[in-house]
Amino acid sequence: MASGRVPSFVHDEGEEPQLQNIAELSSRYYLRFSVRDQPGVLSSITGALSQHGVSIEQMFQNVEATDEGTATVVMFTHHAKEKDVREALAGIDKAPHVVAPTRVLRIID
């Protein structure tokens, strides 16, 4: 084996690897929303996240100069379960004020 490489199996030989259900994974998340710049949009997004137990750590908003009436909202969450984040986003992305699917990245600490 080459020096500095991670072996393909990191469990004891003969031991069955344990896989975690992705829905139960707890992580922080980066969420980027493309939305219409109008009253009530942030309230709608944060309310949907809250209903699923997803807490916001930080938030930034940038109104797009080139797109009429749209904004980019970026949020970093506290640790949350994957299924809770996905369920919240499924509802958020159907809202009429959302102009593009939400971008999601897991933050593995």
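Biologist: Among the contacts in the protein chain with a separation of 6 or more, what percentage is accounted for by residues 24 or more positions apart?

Modeller: This is a predicted model, in which local features need pLDDT of at least 70 and side-chain atom pairs count only at pLDDT 80 or more, while totals for chains, interfaces and linings use all residues. Residues are numbered from 1 along each chain as its sequence is written, and side-chain values rest on heavy atoms, with hydrogens and water left out. A contact means heavy atoms within 4.5 Å, and of the contacts with a separation of 6 or more, the percentage that joins residues 24 or more positions apart is 71%.

Biologist: Which pattern does the protein chain follow when read along the sequence?

Modeller: Helices (H or I, at least four residues) and strands (E, at least two) are DSSP runs, numbered from the N terminus. The protein chain has 2 helices and 5 strands, and read along the sequence their pattern is β-α-β-β-β-α-β.

Biologist: Which residues of helix α1 are buried, and why do they lie on the same side of α1?

Modeller: Buried means under 20% relative accessible area, exposed means over 50%, and partly exposed lies in between (1.4 Å probe, protein chains only). Helix α1 covers residues 41-51, and its buried residues are V41, I45, A48 and L49. Because these residues cover an arc of only 100 degrees around the axis (taken from the directions from the helix axis to the C-beta atoms), they fall on the same side of α1.

Biologist: Against which elements do the buried residues of α1 pack?

Modeller: The face of α1 turned away from the buried side carries the exposed residues S43, S50 and Q51. The buried residues of α1, for their part, pack against β1 (26-36), β2 (56-63), β3 (70-77) and α2 (82-92).

Biologist: With which residue does R28 form a salt bridge whose closest N and O atoms are 3.1 Å apart?

Modeller: A salt bridge is a side-chain nitrogen of Lys or Arg within 4 Å of a carboxyl oxygen of Asp or Glu, and the partner of R28 at 3.1 Å is D109. R28 lies in strand β1 and D109 in the segment after β5 (98-107), so the pair ties together parts that are 81 residues apart in sequence.

Biologist: How far apart are the closest N and O atoms in the salt bridge between E82 and R86?

Modeller: E82 and R86 both lie in helix α2, 4 residues apart, which is about one turn of the helix. E82 counts as buried at 6% relative accessibility, while R86 is partly exposed at 42%. The distance between their closest N and O atoms is 2.8 Å.

Biologist: Which residues form one aromatic cluster?

Modeller: Rings of Phe, Tyr and Trp (its six-membered ring) pair if their centres lie within 6.5 Å, and planes under 30 degrees apart count as stacked, over 60 as edge-to-face and the rest as tilted. By this rule there are 2 aromatic pairs, one of them being the edge-to-face pair of Y30 and F76, at 5.5 Å centre to centre and 65 degrees between the planes. F60 and F76 also form an edge-to-face pair, at 6.4 Å and 90 degrees. The one aromatic cluster is formed by Y30, F60 and F76.
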